[in-house]
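Student: I've got a model open on my screen and I'd like to talk it through with you. Can we go step by step?

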Amino acid sequence: DRLPALLAAMPKAELHMHIEGSLEPEMAFALAARHGIALPYADSAALRRAYAFGDLQSFLDLYYQGAAVLRTEQDFYELARAYLARAATENVVHAEIFFDPQTHTARGVPMATVIRGLARAGDEARRERGISSALILCFLRHLSEREAFETLEQALPFRDAFIGVGLDSSERGHPPEKFARVFARCRELDLHIVAHAGEEGPPAYIWAALDVLKAERIDHGVQAVHDAALMQRLARERVPLTVCPLSNQKLQVFPDLARHSLPQLLAGGLCATVNSDDPAYFGGYVNANFQALFAATGLDAQAAWQLAANSFEASFVDASAKQRWL
Ligand code: ES4
Ligand code: ZN
C-alpha cells in the first residue's frame with residue numbers, strides 16, 4: 001500500500017496548530033531546568049503518561065500548565081524553530097501558526113517577548129528551510145471581551161508580525177457572540193478572521209462564527225454534519241474547515257476515529273483540511289494525522305489529493321503563491 005508514502009510526500013499547508021501545543025515534554029523539562037521551575041512530574045515520560053484526556057477542558061488544564069515554562073524570547077524562538085523544522089520534514093510548505101498571548105501576558109511575559117521570538121523563528125525557517133509561515137493571534141474565549149480588547153491593544157505595535165486573529169480555549173458556554181465587538185475592530189484593522197467552532201460546541205456556534213464574527217475559516221467545525229442547512233452553506237461558500245483528527249480522537253469528540261465526520265464533510269463538497277492542533281499532546285504531527293485518519297476511514301488517494309489542494313485553497317497566502325502550489 002503506497003498511500004502512507006503519498007500522504008507523507010505530498011506538499012501541504014498546515015493551518016491549525018497552536019505553537020504552545022508543540023511543546024514536547026522533553027523541551028518542557030529543558031526549559032523548566034533553564035528557569036529553575038519545578039514541574040509536578042518525575043520526568044518527561046511521566047508527563048507524557050499524564051496526556052490522557054476525557055474532554056477539551058481536561059486537556060486545556062495541562063496545556064496551560066505546560067506553557068508556564070515559556071519565559072524568554074529565546075524560549076519562544078526555540079519552540080517555533082522546532083515546530084517549523086519538523087513541519088518542513090513532513091513536506092509542509094506553508095504553516096499558519098496560532099499563539100495564545102494571554103497565556104503568557106497573564107504570567108508577566110511581555111507581548112513583545114512572545115511575538116519577537118516566534119517571528120524570528122519564522123523568518124529564519126523561510127531563509128534556511130524554504131518553509132513559509134505566518135502567525136495568527138488567538139483570544140482565549142473563557143476570558144472576557146474586555147481582556148481580548150486589551151490583548152489586541154498590546155499586540156498592535158506588532159501589527160505587521162501577524163496576519164489574523166482567532167478564538168480558542170473552552171468552547172461550551174463561550175459562544176462567538178461574546179466577542180462580536182472585538183472581532184469587528186479586528187476586521188477594521190484588516191486582520192484575517194478565524195474561530196474555533198463546532199469542536200465540542202453546537203452547530204449554532206458555527207453559524208455565529210460566520211454571521212457575527214465573519215470568520216473566513218472555521219477551526220474544527222466537525223459538528224456541522226448535524227445541521228444540513230449549515231453543510232449546504234459551508235459547501236456553497238467554500239468556507240474552509242481546519243479539521244484535526246488526532247485531537248478529536250484524544251479529546252473524545254468521536255467515539256472512534258473510524259466514525260470521524262471528515263469523510264462526510266468531503267462528500268458534502270466542503271473545503272476540509274487536515275491539521276495537527278496540539279501535536280505534542282495529541283500523539284502526532286500533521287502526517288500522523290493524515291495516516292491515522294486514512295487508516296481508520298479508508299479514504300483513498302483521490303481524497304489525499306483533495307485535502308492537500310484544500311489546504312492551499314484555504315490558506316491566507318496571496319493568489320500568486322496559491323497558483324504556484326495548486
Ligand atoms: C485547543 Cl484542541 C483546542 N481547542 C480549543 N482551544 C485550544 N487551544 C489549544 N488547543
Ligand atoms: Zn485548535
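Here are some questions and answers on this predicted model.

Student: Before anything else, what average pLDDT does the protein chain have?

Tutor: Bear in mind that this is a predicted model, so we start from the predictor's own confidence in each residue. The model scores ipTM 0.98 and pTM 0.98. Per residue, 100% of the residues score at least 70, and the chain average is a pLDDT of 98.

Student: Okay, on to helix α7. How far does α7 reach from its first C-alpha to its last?

Tutor: Helix α7 covers residues 111-129, which makes 19 residues. At 1.5 Å a residue, the expected span is 27 Å. The model comes out close to that, with a reach of 27 Å.

Student: And which elements do the buried residues of α7 pack against?

Tutor: Start with who is buried there: Thr113, Val114, Ile115, Gly117, Leu118, Ala119, Ala121, Gly122 and Ala125. Leu118 also turns up among the residues that touch the most other members of the largest nonpolar core. As for packing partners, the buried residues of α7 go against α5 (73-89), β2 (92-99), α6 (101-105) and β3 (132-140).

Student: Which residues touch the most other members of the largest nonpolar core?

Tutor: That core holds 95 residues. Take Ala209 as one of the answers: beyond four places in sequence, Ala209 is in contact with Pro176, Ala195, Ala197, Ala215 and Ile218.

Student: Why does Phe290 count as buried?

Tutor: Phe290 has its place in helix α15 (residues 286-297). Setting aside neighbours within four places in sequence, Phe290 is in contact with Leu7 and Val274. Pro245, 45 residues away along the chain, has its C-alpha 8.0 Å from that of Phe290. The cut-off for burial is 20, and Phe290 counts as buried because its C-beta neighbours inside 10 Å number 29.

Student: I noticed a positive phi at Asn91. Where does Asn91 lie?

Tutor: Phi of Asn91 is near 65°, a positive value in a residue other than glycine. With 16 other C-beta atoms within 10 Å, Asn91 is partly exposed. Its place is the loop between α5 and β2.

Student: Then there's Arg238. Is Arg238 exposed or buried?

Tutor: Arg238 is not a glycine either, yet has a positive phi of about 50°. It lies in the loop between α11 (228-236) and β7 (241-243). Arg238 has 12 C-beta neighbours inside 10 Å, so it counts as exposed.

Student: How far apart are the C-alpha atoms of Glu24 and Arg181?

Tutor: Glu24 lies in the loop between β1 (12-18) and α2 (25-35). With 19 C-beta neighbours inside 10 Å, Glu24 counts as partly exposed. Arg181 is 157 residues away along the chain, and the C-alpha separation is 36 Å.

Student: Last one, the ligand. How many residues of the shell around ligand 1 are charged?

Tutor: The residues around ligand 1 are His18, Gly21, Leu56, Tyr63, Asp168, Ser169, His196, Glu199, Ser247, Asp277 and Asp278. Two of the shell residues are nonpolar and five are polar. The charged ones number four.

Conventions: Residues numbered from 1 in each chain as written. Chains lettered and ligands numbered in written order. Predicted model: local features only at pLDDT ≥ 70, side-chain atom pairs only at ≥ 80, totals over all residues. Helix = DSSP H or I, 4+ residues; strand = E, 2+ residues; numbered from the N terminus. Expected span 1.5 Å × (residues − 1). Contact = placed C-beta atoms within 7 Å. Near = placed C-beta within 6 Å. Nonpolar A, V, L, I, M, F, W, Y, C, P; charged D, E, K, R; others polar. pLDDT = per-residue confidence, 0-100. Core = buried A, V, L, I, M, F, W, Y, C linked by C-beta atoms within 7 Å.
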